[in-house]
Each structure stands twice: as structure tokens, then as C-alpha cells.
Amino acid sequence: DEVAERIAAGEVIERPVSVIKELVENALDAQARAIRIEVRGGGLRLMRVSDDGIGIPEDELERACLRHSTSKLSTIEDLERLGTLGFRGEALASIVTIAEMTLESRASETGDTSEERPAQFVTLRGGEVVERGRKARVPGTTVTVRDLFFNVPARLKFIRGARTENGHILHYIRRYALGYPGVRFTLVLDEHIALQTSGSGELKTALTEIYSLPLNEMLYEVGRGAGEQYRIHGYIGNRVLAQNNRQYVTLFVNGRWVQSRALYDAVEKGYRGLLAKGKHPLLVLFIEVAPNEVDVNVHPAKTEVRLLREREVLDLLTESVQAVLERSPV
Ligand code: ADP
Ligand code: MG
């Protein structure tokens with residue numbers, strides 16, 4: 001029933017940044033090269049994510065908003081070698097039950113130019129279609145979400161001010177812009193550009209674009225294990241770049257941002273005595289394992305991950321960080 005649906009939606013969508021996460025992941029799954037994120041009023045008034053990805057065919061547009069509608073998974077074996085960030089088909093269905101959402105898309109055809117052509121859009125509010133129409137646009141997808149939690153007053157009460165929500169969104173986009181340096185990210189918070197990357201494909205360039213810190217000379221490259229069972233690569237900052245929280249610690253496992261106490265501890269252990277008490281490094285590391293050695297099916301809204309051979313990965317992380325720092329001057 002309706003109440004149960006809203007509760008289920010609230011599990012996936014905890015706060016505005018949860019919507020941003022789902023929409024950005026969809027854009028990445030659609031192979032976007034440029035993603036623009038616009039936020040007003042901390043996300044409660046408006047969130048809009050536009051991409052230049054493959055788009056959605058007209059006859060699939062409305063179906064994409066229904067529960068368990070995913071174009072990404074057809075067999076249980078697919079789940080094992082999952083190459084996409086989404087697979088449950090829950091995100092859009094959840095958003096439409098607790099907000100107003102307009103989905104507008106044009107599938108890109110081969111040899112497509114970026115000319116504007118008529119495309120379809122649909123608007124849903126509280127699970128009901130309120131408008132359908134056509135609009136000229138370039139290939140790609142734009143999702144606009146308004147009035148988040150309009151029918152979930154209990155959830156609304158727990159949302160802090162716009163500043164707090166903007167902060168969560170900024171940190172989330174920073175992470176994904178680091179994770180996908182080949183994608184051009186633009187984040188606009190209340191009409192101000194809060195972050196912009198060039199999509200150069202170079203991780204070091206992305207780092208300097210995202211953190212306005214004097215990064216040269218203070219970042220060390222980590223590259224471990226091409227051809228080995230696990231691969232770890234990325235950059236780690238020295239102790240001069242130490243921070244008071246873990247907002248600058250970014251770990252990706254197979255293209256997915258993860259927050260894991262065990263992984264964090266393993267990385268920081270590699271710093272040995274280099275970090276003062278309560279300080280955390282600035283770094284971005286990519287961990288790659290065989291797809292069947294990682295279980296991402298933990299919780300739709302969480303950034304947790306289960307690794308089959310966790311101990312080995314943790315040790316390799318510690319060793320990689322330690323080895324780099326031992327060779328470096330500061
Ligand atoms: P999931 O990502 O788990 O498949 P979602 O509810 O997030 O489920 O999206 C449902 C479907 O809508 C996707 O499987 C995809 O086919 C389509 N879709 C959503 N967003 C986009 C996008 N930005 N570009 C292309 N297709 C999209
Ligand atoms: Mg998705």
C-alpha cells in the first residue's frame with residue numbers, strides 16, 4: 001500500500017544527497033561524458049541532473065520509473081559480474097513516490113549530432129503521472145526532482161539546513177569526480193558553481209581541480225599489482241595534507257565509492273606514525289578485484305561492500321601505502 005511504499009522509498013532516499021547519488025550513478029551507467037548537477041534550497045526545492053549519456057528509448061521512459069524496472073540486469077549470473085552501479089531498479093521508483101520528478105530523455109542514435117530534436121518527458125508526483133509531453137533536446141537525459149519528502153513530514157523534520165545538505169552533496173560529487181576523472185562534472189549550488197572538472201581523464205588533474213590545495217610535491221603515486229590478483233592505484237597525500245576528518249579519504253572498489261572502517265584503518269595503518277592523532281590523510285585509491293569477489297548487494301543506500309578475501313586486500317592496502325611513503329621525502 002501507499003504508506004508501505006513511502007517507507008520503502010525512505011530506506012533508499014534518506015536525504016537530498018541520496019537522490020543525487022542515484023541520479024549521478026544512473027548517468028555514469030549511461031556512459032555520460034559530462035554530468036551537470038544543479039541544486040536549490042539544499043535539494044528540497046530542486047535537484048537536477050543532466051547527462052549526455054545513451055538516453056532512454058521513448059517506449060521505456062515511463063517503465064523506468066516503476067519498481068524493479070532495470071535495464072541492467074537480466075539474470076542472476078549478471079549480478080555476479082555486475083559492471084554497472086545500479087541494478088535494483090528501485091531508485092527512480094522510490095524518488096517518484098516521495099517527490100515530484102520529471103524524466104526527460106532522448107536516446108542517442110548512431111551518428112547522432114548534438115542537434116535538438118523532439119523527445120519525450122513524463123512528470124510523476126507521489127507515484128502518479130501528472131504530465132506527459134514532448135520537448136526538443138539534445139541526446140541524453142535530464143532528471144528534475146522537486147519537493148522532496150513533500151508527503152513524508154517525519155523525514156522532512158530531520159533534514160538540517162540547506163548548508164548541511166549542500167555540504168553532503170559537494171562531498172559526494174567530489175568523490176565521484178575523483179572516481180571518474182574522464183567525466184566532466186559541474187555542480188551548481190544555488191546558482192554558484194561549486195565544483196567543475198575538465199574530464200581530462202588524469203586523476204592528478206582531477207585532484208587539483210577538486211581540492212584547492214597546493215597538491216604538487218605532496219601527492220605520491222600508488223601503483224600496485226597490474227597482473228596480480230588485486231590492483232591498487234591512485235594517489236596518497238603526505239602528512240602536510242592531513243585533515244581533521246575522513247572527507248578527503250576516497251576509496252573506490254571496482255568503480256564504486258565505498259566507506260568501510262576496515263579499509264580506512266588499513267590505509268591509515270600504512271602511514272605508521274606519520275599522521276598525528278585524530279588526523280586523516282588526503283588520498284584517493286582504487287581497489288580492483290575480480291567482480292565475483294565483491295558483494296555490493298548489501299543495502300541500496302549504503303556505500304558498504306563485502307570482500308571475499310578481505311584480509312588479503314587489507315594487507316595489500318597497508319603495504320602499498322607504506323611502501324610509497326618509505327620512498328618519499330616528507
Ligand atoms: P537501476 O539503476 O538500478 O537500473 P533506476 O531506478 O536507477 O534503476 O533506473 C531505472 C532505469 O532507468 C535504468 O535501468 C535505466 O534503464 C534507466 N535510466 C535511469 N536514468 C538514466 C539515465 N540517466 N540515462 C539512461 N538511462 C537511465
Ligand atoms: Mg540506478
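**Helix 2**

I began with helix 2 and listed its buried residues: Pro-16, Val-17, Ser-18, Val-19, Ile-20, Lys-21, Glu-22, Leu-23, Val-24, Asn-26, Ala-27 and Leu-28. A reminder to myself: this is a predicted model.

Is helix 2 largely enclosed or largely open? Twelve of its 14 residues are buried, so I noted helix 2 as largely enclosed by the rest of the structure.

Next I looked up what does the covering. Over the buried residues of helix 2 I found, among others, helix 1 (2-12), helix 4 (91-98) and helix 6. Strand 1 (34-40), strand 2 (46-51) and strand 6 (140-146) are also included in the cover.

I then checked the length. Helix 2 spans residues 16-29 and reaches 20 Å from its first C-alpha to its last, close to the 20 Å expected at 1.5 Å a residue.

Past the end of helix 2 I stopped at Gln-31, where phi is positive, near 60 degrees.

**Gly-182**

Setting aside neighbours within four places in sequence, I have Gly-182 in contact with Gly-199 and Gly-201. I also took the C-alpha separation of Gly-182 and Val-305, which is 24 Å for residues 123 apart along the chain.

**Domains**

Last, I looked at the division of the chain: domain 1 covers 2-196 and domain 2 covers 213-327. Their centres, taken over C-alpha atoms, are separated by 28 Å.

Key:
Residues are numbered from 1 along each chain as its sequence is written. Chains are lettered from A and ligands numbered from 1 in the order in which they are written. This is a predicted model: local features need pLDDT of at least 70, side-chain atom pairs count only at pLDDT 80 or more; totals for chains, interfaces and linings use all residues. Domain bounds come from an automatic or database domain assignment. Two residues are in contact if their C-beta atoms, placed from the backbone, lie within 7 Å. Helices (H or I, at least four residues) and strands (E, at least two) are DSSP runs, numbered from the N terminus. The expected span of a helix is 1.5 Å times one less than its number of residues. A residue is buried if 20 or more other C-beta atoms lie within 10 Å of its own, exposed if 12 or fewer, and partly exposed in between; C-beta atoms are placed from the backbone.
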